[in-house]
Amino acid sequence: MKNLWKWIGAAIIYIGAALIVILVMQYFYHTSDFFRSLFEGGALQAMPSAETAEGAAQAGNLAETTARLSFYILIFVMLLQLFAFITALWVFLNIAKSQEPYDIRMKKMENADLFLDLPLYFGLFGTVSSFIVMSFNPQISRLIAYSSTLVGIIFSVVLRVTLQYPIKQKLLGERIANANLKPGAGKQ
């Protein structure tokens with residue numbers, strides 16, 4: 001039953017964080033002309049001829065669709081980054097709180113290293129997914145590529161510096177303290 005509540009709590013945290021990111025980004029998209037212009041700017045290369053009223057309407061629809069697609073790709077990539085960050089935080093804090101022997105916790109630290117690289121992988125995913133937008137709007141595709149890669153690098157570094165390093169230091173300190181407590185450990 002305790003595990004069920006942990007999973008429910010984790011789901012609430014993930015969903016709550018995702019909703020906050022989505023609502024904040026939607027708010028800025030709808031209220032800030034500058035923010036919206038980041039997604040609408042740039043030359044549309046696949047745009048039909050705007051010589052007629054019908055062509056102008058098609059061009060406007062294509063521009064709006066491309067802007068929304070770009071915006072949703074960026075939101076999705078940022079949600080993946082947030083998911084990776086929260087998951088790594090959860091995994092490493094559970095290792096830090098664990099009462100298992102030193103060797104097992106160090107092995108778990110090695111295995112959990114994957115979670116520190118997830119933001120980098122999701123940043124790469126954002127870069128590759130920005131190529132979808134490139135044929136319609138090269139400006140926004142660069143924004144998506146650079147921002148997803150940058151956020152991935154920042155999250156990965158923050159996780160390594162604030163989680164991995166202190167937890168490893170704590171475990172090594174425990175190892176030394178436990179070695180000194182064993183009978184005959186200080187004698188040569």
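Reader: Which residues does Thr 87 touch, not counting those up to four places away in sequence?
Author: Thr 87 touches Tyr 14 and Phe 115. This is a predicted model. Thr 87 itself sits in helix α3.

Reader: What makes Thr 87 buried or exposed?
Author: Its relative accessible area decides. The value for Thr 87 is 9%. Buried means under 20%. Thr 87 is therefore buried.

Reader: How do you know that a polar contact joins the side chains of Thr 87 and Tyr 14?
Author: Look at the distance. The contact between these two side chains spans 2.6 Å. The limit for such a pair of N or O atoms is 3.5 Å. The value of 2.6 Å falls within that limit, so the pair passes on distance.

Reader: Where does Tyr 14 belong, and is it buried or exposed?
Author: Tyr 14 belongs to α1 and is buried. Other buried residues of α1 include Ala 10, Ala 17, Met 25 and Tyr 29.

Reader: How do you know that α1 has close to its expected span?
Author: Helix α1 covers residues 2-31, which makes 30 residues. From first C-alpha to last, α1 reaches 43 Å. At 1.5 Å a residue, 44 Å is expected. The two values are close.

Reader: What other elements does the protein chain have?
Author: The protein chain has six helices and zero strands. From the N terminus on, the order is α-α-α-α-α-α.

Reader: What does Tyr 29 contact, leaving aside its neighbours within four places?
Author: The list includes Phe 35, Arg 36, Phe 39, Glu 64 and Phe 71. Tyr 29 is also in one aromatic cluster with Tyr 27, Phe 28, Phe 35, Phe 39, Phe 71 and Tyr 72.

Reader: How many aromatic pairs does the structure hold?
Author: There are 12 aromatic pairs. One of them joins Tyr 27 and Phe 28, with ring centres 5.5 Å apart and planes at 70°.

Reader: Why is the pair of Tyr 27 and Phe 28 called edge-to-face?
Author: Two checks settle it. Centres must lie within 6.5 Å, and 5.5 Å does. Planes over 60 degrees apart count as edge-to-face, and 70° is over that mark. Tyr 27 and Phe 28 therefore form an edge-to-face pair.

Reader: What makes Phe 28 partly exposed?
Author: Phe 28 has 39% relative accessibility. Partly exposed lies between the buried limit of 20% and the exposed limit of 50%. So Phe 28 counts as partly exposed.

Reader: Why is the pair of Phe 76 and Phe 125 called edge-to-face?
Author: The ring centres of Phe 76 and Phe 125 are 6.0 Å apart, and the planes meet at 70°. That angle is over 60 degrees, so the pair is edge-to-face.

Reader: What does the pair of Phe 76 and Phe 125 tie together?
Author: Phe 76 lies in helix α3, residues 53-97, and Phe 125 lies in helix α5, residues 113-134. The pair therefore ties together parts that are 49 residues apart in sequence. Phe 76 has a relative accessible area of 44%, so Phe 76 is partly exposed. Phe 125, at 37%, is partly exposed too.

Reader: Which residues have the most contacts inside the largest nonpolar core?
Author: Among them are Met 25, Tyr 29, Phe 35 and Ile 144. This core has 15 residues. Helices α1, α2, α3 and α6 each supply at least two of its residues. The largest share, seven residues, comes from α3. A second, separate core has 13 residues, including Phe 92, Ile 95, Tyr 102 and Met 106.

Reader: How do you know that Ser 141 is buried?
Author: Ser 141 has 1% relative accessibility. The limit is under 20%. So Ser 141 counts as buried. Ser 141 lies in helix α6. Leaving aside neighbours within four places, its contacts are Ser 130, Val 133 and Met 134.

Reader: Why is Phe 155 called partly exposed?
Author: Phe 155 comes out at 23%. Buried needs under 20%, and exposed needs over 50%. Phe 155 therefore counts as partly exposed. Phe 155 also lies in helix α6. Beyond neighbours within four places, Phe 155 contacts Gln 81, Leu 82, Phe 85 and Pro 119.

Reader: What average pLDDT does the protein chain have?
Author: The average is 83, and 86% of the residues score at least 70. Over residues 43-48 the pLDDT is below 50. Where pLDDT is low, predicted coordinates should not be read in detail.

Note on methods
Residues are numbered from 1 along each chain as its sequence is written. This is a predicted model: local features need pLDDT of at least 70, side-chain atom pairs count only at pLDDT 80 or more; totals for chains, interfaces and linings use all residues. Side-chain values use heavy atoms; hydrogens and water are left out. Rings of Phe, Tyr and Trp (its six-membered ring) pair if their centres lie within 6.5 Å; planes under 30 degrees apart count as stacked, over 60 as edge-to-face and the rest as tilted. Buried means under 20% relative accessible area, exposed over 50%, partly exposed in between (1.4 Å probe, protein chains only). Helices (H or I, at least four residues) and strands (E, at least two) are DSSP runs, numbered from the N terminus. The expected span of a helix is 1.5 Å times one less than its number of residues. A nonpolar core is a set of buried Ala, Val, Leu, Ile, Met, Phe, Trp, Tyr and Cys residues joined through side-chain atoms within 4.5 Å. Contact means heavy atoms within 4.5 Å. pLDDT is the predictor's confidence in each residue, from 0 to 100. A polar contact is a pair of N or O atoms within 3.5 Å; within protein, one must be able to donate a hydrogen and the other to accept it, and residues adjacent in sequence count only if both atoms are side-chain atoms.
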